[in-house]
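Okay everyone, let me put this one up on the screen.

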Amino acid sequence: MIEFPCDYPIKIMGPYQSGFRQEMLDIVRRYAPELAETGIQERFSRNGKYVSITVTIQATGEDQLTALFQDLKSTGHISLLL
């Protein structure tokens, strides 16, 4: 069980392509507008083909997280979402 509100890390992995980072962050900020650049970490795959973006948001409840994950998945650009 998760006790809300809490800091909640989300890892978004997908192909490193123009606009991917901004699209993912725009979606996250719809649900967590307080997200600052300090709450964002990026790592690139060895060959630079993929990027992993980890954001830590202030989660307020299950509904917020469910809607956020659905919106992220609906882009069709994500390889892995944790």
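Predicted model: local features only at pLDDT ≥ 70, side-chain atom pairs only at ≥ 80, totals over all residues.

Let's start with helix α2, where Q64, L65, L68, F69 and L72 are buried. If you look down the axis of α2, those buried residues fall within an arc of 120°, so they line one face of the helix.

How long is α2? It covers residues 62-73, and those 12 residues should span 16 Å at 1.5 Å a residue; the end C-alpha atoms are 16 Å apart, so that agrees.

And what covers the buried residues of α2? The cover includes β1 (6-15), α1 (20-31), β3 (50-59) and β4 (80-81).

So, on to the strands. We have an open sheet of four, in the order β2-β3-β1-β4, with antiparallel pairing. At the edges sit β2 (40-44) and β4, each pairing on one side only. In general, strands of a sheet pair through backbone hydrogen bonds, either parallel or antiparallel. Here, β2 and β3 run antiparallel and are joined by five bridges. If you want one to find on screen, take Q41: its bridge partner in β3 is T54.

How do the helices sit on this? α2 packs on the sheet, touching β1, β3 and β4, and its direction makes about 160° with that of β3. α1 lies across β1, β2 and β3, and runs at about 15° to β3.

Now α1 itself. It has 12 residues and reaches 18 Å from first C-alpha to last, close to the 16 Å expected at 1.5 Å a residue. Which of its residues are buried? F20, M24, L25, I27 and V28. Seen down the axis of α1, they fall within an arc of 160°, so they line one face of this helix too. What they pack against is β1, β2, β3 and α2.

One last thing, back at the start of the chain. Most peptide bonds are trans. The one joining F4 and P5, though, is cis, with omega at about -5°. You'll find P5 in the segment before β1.

That's my tour, so over to you.

Terms used
Residues numbered from 1 in each chain as written. Heavy atoms only, no water. Helix = DSSP H or I, 4+ residues; strand = E, 2+ residues; numbered from the N terminus. Expected span 1.5 Å × (residues − 1). Buried < 20%, exposed > 50% of the residue type's maximum accessible area, 1.4 Å probe, protein only. Arc of directions from axis to C-beta. Contact = heavy atoms within 4.5 Å. Pairing = 2+ DSSP bridges. Axes fitted to C-alpha atoms, helices over the stretch in contact; angles between N-to-C directions.
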